[in-house]
Amino acid sequence: MPPPAGKLTALEAFMRRFRWLALLAVLAVVAGACGGGTTATTSAPDTTGAADTTAAAETTVATETTGATETTGATETTATASAAEVRAPDCDYGGKIESVTAPDPLTVVFSMCSPVPAFQQIIAFTPFGIQPSEHLEATGGAPLDNPIGTGPFSLGAWNRGSDIVFEANESYWGDPVPYETLVFRWSPESPARVLELQSGNADYVQDLLRADAESVATDSNLQVLPTLNPNIFYLGIATNDLEGTPYEPFDNLMVRQALAMGIDRQQIVDNFYLEGSEVASHFTPCAIENGCQGDEWYEFDAAAARDLLAEAGVEEGFEATIYFRAEARVYLPEPTAVANELAQQLSENLGWNVSAQVVESGEFIETATADVGYPLYMLGWGADYPHITNFLDFHFGEANPQFGTAHPEIYESLVEASAISDPAEAAPLYEQANNAIKELVPMVPIAHATAASAATASLEGAASPNFGAPQFQFMNPGKDTLVFVQAGEPISLYCTDETDGESLNACQQVIEALLGYDLEGNVIPKLATGCESNEDGTEWTCTLREGVTFHDGSEFDSGDVITSFGAGIDAANPLHVGNSGAFEYYSYLWDSLINPPPAEG
């Protein structure tokens with residue numbers, strides 16, 4: 001019988017690994033041209049390029065000290081050639097990554113355009129997970145509902161509108177999963193999710209409202225799982241659309257400052273957030289180093305807000321709409337109630353006529369962040385990695401259009417600070433950036449939320465991690481199936497091109513990155529046994545784990561890393577397709593896509 005679609009025969013798998021050795025013979029006589037973009041072709045042997053990165057390494061992050069793979073034999077090919085690469089034409093394109101090269105099957109080298117102190121935290125994030133080269137090519141760069149990874153679970157079936165079934169990966173390189181099946185379901189309302197738990201239909205549920213968390217705490221059959229992920233909920237304000245057409249009157253600074261003063265943020269926290277939540281003094285939570293440098297946000301002052309509007313010439317009765325999605329988040333546990341509260345406050349405090357409009361989640365994210373189609377909208381952010389760049393650089397960088405035209409007063413300080421390894425040295429730059437955010441009001445930061453998940457008392461190992469999705473492989477329901485209920489259905493399962501939490505929760509069960517996080521948020525080895533930097537942090541060398549297989553039976557190697565990164569970061573790559581095509585995390589966290597299309601207009 002022929003192999004199932006997407007699988008490799010034993011001969012094909014062998015040939016896939018053999019390609020590296022075969023290329024070496026070819027490279028001895030053939031020189032390939034080097035240029036921008038992603039290549040699977042070869043280049044002439046380079047004996048004057050990178051030095052021995054192992055000997056030069058000054059910083060080691062997430063290095064596995066036990067069971068490390070011996071790669072000496074493979075490394076001997078390093079000086080001969082680079083078999084595959086992602087490469088920018090030069091560093092003038094504005095991004096962090098100059099090249100990603102694979103000197104041998106078990107080594108990947110990231111050469112950066114400038115020091116990247118948060119490299120290890122970024123690379124551990126789920127959107128930078130790795131899929132097989134052949135699978136990405138077979139799906140045309142859009143494996144939206146059929147991901148193939150190396151993770152503890154493989155995808156069994158996605159029954160749209162109902163559930164997703166994952167199967168334990170019997171060939172997983174790590175500890176075996178102690179049960180057979182993981183099921184994801186979704187329900188938008190917190191009480192309904194708790195009811196699933198109480199009735200025995202679910203083992204773990206996410207994002208509880210305050211009243212539901214209090215109810216769970218009194219039930220001896222259940223357990224509350226505190227969620228300590230740093231986060232921010234904000235009211236976004238776009239000053240103009242993608243073509244530069246102003247969204248009046250929000251292009252007026254005094255109007256935005258009036259919005260900042262016209263919201264009683266404490267009332268929102270008191271009414272809708274769990275105990276321990278707080279009004280945001282800054283966009284970044286103070287738990288993140290340098291997050292609260294600079295002046296605190298405006299105090300609530302409705303009279304001063306009306307004075308500013310009068311000075312700006314905005315009359316009472318101005319009509320505005322706040323757009324939002326109904327799915328609960330850690331940072332926004334009751335979106336509909338909060339949207340109505342905000343609309344009522346702005347109507348009463350500013351004299352406007354404000355309404356709230358719910359939008360389907362996928363459409364909302366694309367319109368708010370990529371198409372810049374809403375002047376006012378509710379959004380938020382849960383930390384992906386523990387560094388201030390995850391909050392400020394993502395949202396206020398030059399490439400992010402979601403607040404309209406970006407402000408150099410903000411992003412120029414961020415660019416300079418992001419290349420400084422010493423937090424104390426970077427602190428004055430973050431003070432400048434935070435003060436500029438307060439002055440220019442691209443959004444109104446409202447709350448840093450304390451949130452909670454819940455599980456049955458019998459679910460062994462139940463925990464809510466500080467970063468990333470629940471790590472279900474370490475839990476044991478004492479039966480064949482573990483059922484998890486989240487707030488909404490994933491948009492797709494190709495998280496290279498997704499940003500919503502529901503998609504990332506599901507993807508993390510299947511796809512792994514080179515590094516990952518433990519429950520406390522510390523960086524740990526995953527597909528790489530370790531990543532080492534040179535002295536100034538401009539080059540990172542990752543040693544890959546040997547003997548790892550994908551769910552389709554093919555072997556993992558550095559070529560898969562090159563293909564996965566090329567599909568995400570190189571806009572000219574034929575595999576750069578995805579779902580929305582925005583590849584926002586690649587664009588924002590690495591500052592820019594390689595070979596970006598010309599700016600519209």
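User: Which residues of helix 14 (residues 408-417) are buried, and how should I read such a list?

Analyst: The buried residues of helix 14 are Ile410, Tyr411, Ser413, Leu414 and Ala417. They cover an arc of only 160° around the axis, which puts them on the same side of helix 14, where the arc is that of the directions from the helix axis to the C-beta atoms. The general idea is that an α-helix has 3.6 residues a turn, so residues three or four places apart point the same way. Buried means under 20% relative accessible area, exposed over 50%, and partly exposed in between, with a 1.4 Å probe and protein chains only. Helices (H or I, at least four residues) and strands (E, at least two) are DSSP runs, numbered from the N terminus.

Please keep in mind that this is a predicted model, in which local features need pLDDT of at least 70 and side-chain atom pairs count only at pLDDT 80 or more, while totals for chains, interfaces and linings use all residues. Residues are numbered from 1 along each chain as its sequence is written, and side-chain values use heavy atoms, with hydrogens and water left out.

User: What do the buried residues of helix 14 pack against, and which residues are exposed on the other side?

Analyst: The buried residues pack against helix 13 (389-396) and helix 15 (423-440), whereas Glu412 and Val415 are exposed on the other side of helix 14. Contact here means heavy atoms within 4.5 Å. Gln257 counts as buried, because its relative accessibility is 13%. Gln257 and Met443 are 186 residues apart in sequence, and yet 9.6 Å apart in space, C-alpha to C-alpha.

User: How many disulfides are there, and how do I read one of them?

Analyst: A disulfide is a covalent bond between the sulfur atoms of two cysteines; the working rule is a pair of cysteine sulfur atoms within 2.5 Å. By this rule the count comes to four disulfides, and with bonded cysteines counted along the chain their pattern is 1-2, 3-4, 5-6, 7-8.

One of them joins Cys91 to Cys113, with 2.0 Å from S to S. Cys91 lies in the loop between strand 3 (85-87) and strand 4 (97-104), and Cys113 in the loop between strand 5 (107-112) and helix 4 (119-123), so the pair ties together parts that are 22 residues apart in sequence. The torsion about the S-S bond of Cys91 and Cys113 is about -85°, so this disulfide is left-handed. Cys91 is partly exposed, with a relative accessible area of 30%, and Cys113 counts as partly exposed at 25%.

User: What is the handedness of the link between Cys495 and Cys507, and are these two cysteines buried or exposed?

Analyst: With 80° about the S-S bond, the link of Cys495 and Cys507 is right-handed. Cys495 lies in the loop between strand 18 and helix 16 (501-510), and Cys507 in helix 16, so the pair ties together parts that are 12 residues apart in sequence. The sulfur atoms are 2.2 Å apart. Cys495 counts as buried at 4% relative accessibility, and Cys507 is buried with a relative accessible area of 3%.

User: How do I read a pair of aromatic rings, and how many aromatic pairs does a search of the whole structure find?

Analyst: A pair of aromatic rings is described by the distance of the centres and the angle of the planes. Rings of Phe, Tyr and Trp (its six-membered ring) pair if their centres lie within 6.5 Å, and planes under 30 degrees apart count as stacked, over 60 as edge-to-face and the rest as tilted. The search finds 34 aromatic pairs. Among them, Phe166 and Phe184 are edge-to-face, with 5.1 Å centre to centre and 75° between the planes. Phe166 lies in strand 7 (residues 163-168) and Phe184 in strand 8, so the pair ties together parts that are 18 residues apart in sequence. Both Phe166 and Phe184 are buried.

User: What is the strand order of the open sheet of seven strands?

Analyst: Two strands pair if DSSP finds at least two bridges between them. The order is 6-7-8-18-9-17-10, with mixed pairing, and the edge strands, each pairing on one side only, are strand 6 (153-159) and strand 10 (222-227). Strand 8 (residues 181-186) and strand 18 (residues 481-486) run parallel and are joined by six bridges, and Val183 stands opposite Val483 in strand 18.
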